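Colleague: I have just started to read protein models, and I would like to go through this one slowly with you. Could you show me the sequence and the structure before I ask anything?

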Amino acid sequence: MMSSPELTYYDMGTDVLAFSTTRHGGCSTGNYAAFNINMFCGDDPVHIASNRQALCRLLDIPIQQLVIPHQVHGTTIRRIDTPPTETIEGVDAVMTNRPQICVGVSTADCSPILLYDTRQKAVCAVHAGWRGTVNRIAEKAISAMQDAYGTEPTDIHAVIGPGISLDSFEVGDEVYEQFAQAGFEMLRIARHDAKWHIDLPLCNQLQLEAMGVTNIHQADVCTYQQYDQYFSARRLGIDSGRIYTAIMLK
């Protein structure tokens, strides 16, 4: 019998449950072992379904209230008011102010970001890979929460979850140039060894700070270095599992 999913929890307040999945506690095998709930990375659908059911039992919600969008490295943000009846396509951030709807994003080196508006009681989960980061999806997510819920950035508690670190995120000149052209502080977010390295978690933190968020927690987990605990596409290949980082109003 499959063991219960092992989650990394974040303390964001008494009214919310926030977490990242680890690789432990599921029934997937090989590079998907053991806990993967993402259906877009090549895992066995039977294993995915079983793992999703196990997570929903742990969260004590119906499976329809587990929101997992199909991400495309864009900046589209979707407001969720009712449990979706089909897969949410082409969306990289999901937000809600409805209790018991778990909104989350899938990553395996990209930075996942969780936002909780402590005053208006609204939450958002953001997928920030390097493309999303260059296009300032973290800033756009806060703007979307402002428009939808009247969120004030000073009321937001933010978590930047497990992702690839500066030391491990080696990029080509063309990626460095995109960050530079987008106006980022390259002296703060980049380092040149044999190749350029970029600090994605810090880059997203700076975006949050620029929007007025002051309560920011960095998980300080490098997925590339800790691939035995969290999935890393750079270590395991793209045919491997994904971390699910999510937040739910109680």
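**Rings, helices and loops**

Modeller: Counting the rings that pair with their centres within 6.5 Å, we come to three aromatic pairs. Please keep in mind throughout that this is a predicted model.

Colleague: How are the rings of Tyr176 and Trp196 arranged, stacked or edge-to-face?

Modeller: The two ring centres are 3.8 Å apart, and the angle between the planes is 15°. Planes under 30 degrees apart count as stacked, so the pair of Tyr176 and Trp196 is stacked.

Colleague: Which parts of the chain does the pair of Tyr176 and Trp196 tie together?

Modeller: Tyr176 belongs to helix H4, which covers residues 173-181, while Trp196 belongs to strand E12, which covers residues 196-198. The pair therefore ties together parts that are 20 residues apart in sequence, namely helix H4 and strand E12.

Colleague: Is Tyr176 buried or exposed?

Modeller: The relative accessibility of Tyr176 is 14%. Buried means under 20%, so Tyr176 counts as buried.

Colleague: At what angle do helix H3 and helix H6 pack, and how far apart are their axes?

Modeller: Helix H3 takes in residues 137-149 and helix H6 takes in residues 200-210. The crossing of H3 and H6 is right-handed. Their packing angle is about 35°, and the distance between the axes is 8 Å.

Colleague: Which residues make that contact between H3 and H6, and how many of them are nonpolar?

Modeller: From H3 come Ile137, Ala138, Glu139 and Ile142, and from H6 come Asn204, Gln207, Leu208 and Ala210. Sorted by class, the contact of H3 with H6 has one charged residue, two polar residues and, as the number you asked for, five nonpolar residues.

Colleague: Where is Asn36 found, and is Asn36 buried or exposed?

Modeller: Asn36 is in the loop that runs between strand E2 (16-21) and helix H1 (45-59). Leaving out neighbours within four places in sequence, Asn36 is in contact with several residues, among them Ser28, Asp43, Phe231 and Arg242. Its relative accessibility is 0%, so Asn36 counts as buried.

Colleague: Which two residues are joined by a cis peptide bond?

Modeller: One of the two, Ala34, is again in the loop between E2 and H1. The omega angle of this bond is about -10°, and the residues joined by the cis peptide bond are Ala33 and Ala34.

Colleague: What is phi of Gln100, and what is phi of Lys121?

Modeller: Gln100 is in the loop between strand E5 (93-96) and strand E6 (102-107), and Lys121 is in the loop between strand E7 (111-117) and strand E8 (122-128). Gln100 is partly exposed, with a relative accessible area of 30%, and Lys121 counts as partly exposed at 32% relative accessibility. Each has a positive value in a residue other than glycine: phi of Gln100 is near 70°, and phi of Lys121 is near 55°.

Colleague: Is Asp109 buried or exposed?

Modeller: Asp109 is found in the loop between E6 and E7. Beyond its neighbours within four places in sequence, Asp109 has contacts that include Gly163, Thr223, Tyr224 and Arg234. At a relative accessibility of 8%, Asp109 counts as buried.

Colleague: Is Thr82 buried or exposed?

Modeller: Thr82 lies in the loop between strand E4 (77-79) and E5. Its relative accessibility is 55%, and exposed means over 50%, so Thr82 counts as exposed.

Colleague: Which residues does Lys195 touch, not counting residues up to four places away in sequence?

Modeller: Lys195 lies in the loop between strand E11 (190-192) and E12, and Lys195 is partly exposed, with a relative accessible area of 45%. With those close places in sequence set aside, the residues that Lys195 touches are Glu170 and Val171.

How values were computed
Residues are numbered from 1 along each chain as its sequence is written. This is a predicted model: local features need pLDDT of at least 70, side-chain atom pairs count only at pLDDT 80 or more; totals for chains, interfaces and linings use all residues. Side-chain values use heavy atoms; hydrogens and water are left out. Rings of Phe, Tyr and Trp (its six-membered ring) pair if their centres lie within 6.5 Å; planes under 30 degrees apart count as stacked, over 60 as edge-to-face and the rest as tilted. Helices (H or I, at least four residues) and strands (E, at least two) are DSSP runs, numbered from the N terminus. Buried means under 20% relative accessible area, exposed over 50%, partly exposed in between (1.4 Å probe, protein chains only). Axes are lines fitted to C-alpha atoms, for helices over the stretch in contact, and angles run from 0 to 180 degrees between N-to-C directions. A crossing is left-handed if the near helix is turned anticlockwise from the far one by less than a right angle, and right-handed if clockwise. Contact means heavy atoms within 4.5 Å. Ala, Val, Leu, Ile, Met, Phe, Trp, Tyr, Cys and Pro count as nonpolar, Asp, Glu, Lys and Arg as charged, and the others, Gly among them, as polar.
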